[in-house]
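Trainee: I have a new model open. Can we go through it step by step?

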Amino acid sequence: MSEESDSLRTSPSVASLSENELPPPAEPPGYVCSLTEDLVTKAREELQEKPEWRLRDVQALRDMVRKEYPTLSTSLDDAFLLRFLRARKFDYDRALQLLVNYHSCRRSWPEVFTNLRPSALKDVLNSGFLTVLPHTDPRGCHVLCIRPDRWIPSNYPITENIRAVYLTLEKLIQAEETQVNGIVILADYKGVSLSKASHFGPFIAKKVIGILQDGFPIRIKAVHIVNEPRIFKGIFAIIKPFLKEKIANRFFLHGADLNSLHTNLPRNILPKEYGGTAGELDTATWNAVLLASEDDFVKEFCQPTPGCDSILGHTLLPEGLSSNAQCDDSMRAVKSQLYSCY
């Protein structure tokens, strides 16, 4: 696939240099598209991405960051900025706001983003709380499988689960095909008790949804809920007020009806635990993928963050993500909402 010729610079040949003149240091390689022709077409049709304008669009976003947020500590690499342009269909202003929100979210929730690396989350990973299925769905979406019943609240707080989900999203979004195709979430609520559900109160729900909707460059194409108990109505009642209509319409509740699930996710990509033919659910492989990326995550999340609160003010945060957000998260208030399901 041909790429923009102006993205490459030709270095002077060694022969053209004088004996005492050293060649300039090599510049980092420019962006090279890894999308297939089919995905290039899909990106053009769904995301308004035009290959011939791609680097121009990236440069425009880069210039906006430098002008409007000169102290923002962020990568300005082509590949990194493309994530935000694709997530907002190449709308410069919305992509810029998403990038600012992305960094604001990370600064506003230190319990989640401090020391965020796979080796710090081995208990979550070993519990089988989450994994990514080895096969994509027919649209090319990776399937993130979450099993809340595997979490034992006495072992670690719910924020550790959120940290593991965030690391998984960060790893998935590195792939350009994921940036174009998006992801699907499969959540199995089998065995989730009232006491466990009460940990996911309005304050945490609002923060998590704020990140997923307005603070992370990923396209969530569907959320499939299976084996949900009656109390899930209460959980969803907590979540729904914070969901945008488009996202709310992508939630599908299947209960124990796996045939309903199979109309959306075919059996050949699902493990046998969900009526599929792809073998037993494997969590070890994805754990290994994350742990192998330890150095990358340490570089990204475990370095001192320059102070830039004056730039990333609370007015830029997605709703509910400011550190002083007022939200009644008492156990009594949450349980009363869950009890109403009975």
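Mentor: Start with one pair of residues. Val223 has a bridge partner in E5, and that partner is Phe251. Keep in mind that this is a predicted model.

Trainee: How many bridges join strand E4 to E5, and how do they run?
Mentor: Strand E4 covers residues 220-226. E4 and E5 run parallel. The number of bridges that join them is 4.

Trainee: What is the order of the strands in the open sheet?
Mentor: The sheet is open and has 5 strands. Its pairing is mixed. The order is E1-E2-E3-E4-E5.

Trainee: Which are the edge strands?
Mentor: Look for strands that pair on one side only.

Trainee: Now the helices. Is H3 largely enclosed or open to the outside, and why?
Mentor: Count the buried residues, where buried means under 20% relative accessible area. In H3, 9 of the 10 residues are buried, so the rest of the structure leaves this helix largely enclosed.

Trainee: Which elements do the buried residues of H3 pack against?
Mentor: The buried residues include Asp78, Arg83 and Arg86, along with Phe80 and Leu82. Their packing partners are all helices: H1 (37-47), H2 (54-68), H4, H7 (158-172) and H8 (176-181).

Trainee: Are H3 and H4 parallel or oblique to each other, and why?
Mentor: Two packed helices are described by the angle and the distance between their axes. H3 (residues 78-87) and H4 (residues 92-108) pack with axes 8 Å apart, at an angle of about 120°. Angles from 65 to 115 degrees would count as roughly perpendicular, and those over 145 as roughly antiparallel. H3 and H4 are therefore oblique.

Trainee: What classes of residue make up the contact of H3 with H4?
Mentor: On the H3 side are Phe80, Leu81, Phe84, Leu85 and Ala87. They meet Tyr92, Ala95, Leu98, Leu99 and Tyr102 in H4. By class, this contact has no charged residues, no polar residues and 10 nonpolar.

Trainee: Which residue with a positive phi follows H3?
Mentor: Its phi is near 50°. The residue is Lys89.

Trainee: Last one. How many helices and strands does the protein chain have?
Mentor: The chain has 342 residues, of which 50% count as buried. Its secondary structure comes to 16 helices and 5 strands.

Terms used
Residues are numbered from 1 along each chain as its sequence is written. This is a predicted model: local features need pLDDT of at least 70, side-chain atom pairs count only at pLDDT 80 or more; totals for chains, interfaces and linings use all residues. Side-chain values use heavy atoms; hydrogens and water are left out. Axes are lines fitted to C-alpha atoms, for helices over the stretch in contact, and angles run from 0 to 180 degrees between N-to-C directions. Helices (H or I, at least four residues) and strands (E, at least two) are DSSP runs, numbered from the N terminus. Angles under 35 degrees count as roughly parallel, over 145 as roughly antiparallel, 65 to 115 as roughly perpendicular and the rest as oblique. Contact means heavy atoms within 4.5 Å. Ala, Val, Leu, Ile, Met, Phe, Trp, Tyr, Cys and Pro count as nonpolar, Asp, Glu, Lys and Arg as charged, and the others, Gly among them, as polar. Two strands pair if DSSP finds at least two bridges between them. Buried means under 20% relative accessible area, exposed over 50%, partly exposed in between (1.4 Å probe, protein chains only).
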